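Student: I have a new structure to look at, and I'd like to learn how to read it. Could you walk me through it?

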Amino acid sequence: RDPAARAKAAETLAKTQRVLKDDIKPRAEQAWRDAQPGIEHAKRRLAGFAKEFRDEYRKGRDGQ
């Protein structure tokens, strides 16, 4: 109910939103873009490993 406290809260919220929009979000987006090649590389290697593992498992299972 205190107008001064409400004004201070609104000011703090606005400042926090500006920092989030102008600083944190762009940096997080850039970090995500920078991480994508490594993520894709790991994804391809993991898929290759899974296929190789599956093929070896089937070869051993079918050979018995």
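Student: Which residues make the nonpolar surface patch?

Tutor: Val19, Leu20 and Ile24 make a nonpolar surface patch of about 240 Å². Patches are made of residues with over 30% relative accessible area and no salt bridge, where like charges are joined within 9 Å and nonpolar side chains (Val, Leu, Ile, Met, Phe, Trp, Tyr) within 5 Å. Accessible areas come from the Shrake-Rupley method with a 1.4 Å probe, and for residues only the protein chains shown count as cover.

Tutor: Before we go on, this is a predicted model, where local features need pLDDT of at least 70, side-chain atom pairs count only at pLDDT 80 or more, and totals for chains, interfaces and linings use all residues. Residues are numbered from 1 along each chain as its sequence is written, and side-chain values use heavy atoms, with hydrogens and water left out.

Student: Is Ile24 buried, partly exposed or exposed?

Tutor: Buried means under 20% relative accessible area, exposed over 50%, and partly exposed in between (1.4 Å probe, protein chains only). Ile24 has 43% relative accessibility, so it counts as partly exposed. You'll find Ile24 in helix 1, residues 3-62. Helices (H or I, at least four residues) and strands (E, at least two) are DSSP runs, numbered from the N terminus. This chain has one helix and zero strands.

Student: How many salt bridges are there?

Tutor: First the idea: side chains of opposite charge can pair when their charged atoms come close. The rule for a salt bridge is a side-chain nitrogen of Lys or Arg within 4 Å of a carboxyl oxygen of Asp or Glu. By that rule the count is five. Among them is Asp23 with Arg27, at 3.4 Å from N to O. Those two sit four residues apart in helix 1, about one turn of the helix. Asp23 is partly exposed at 34%, while Arg27 is exposed at 57%.

Student: What separates Glu56 and Lys59 along the helix?

Tutor: About one helical turn, because they are three residues apart in helix 1. Glu56 is partly exposed at 48%, and Lys59 is exposed at 53%.
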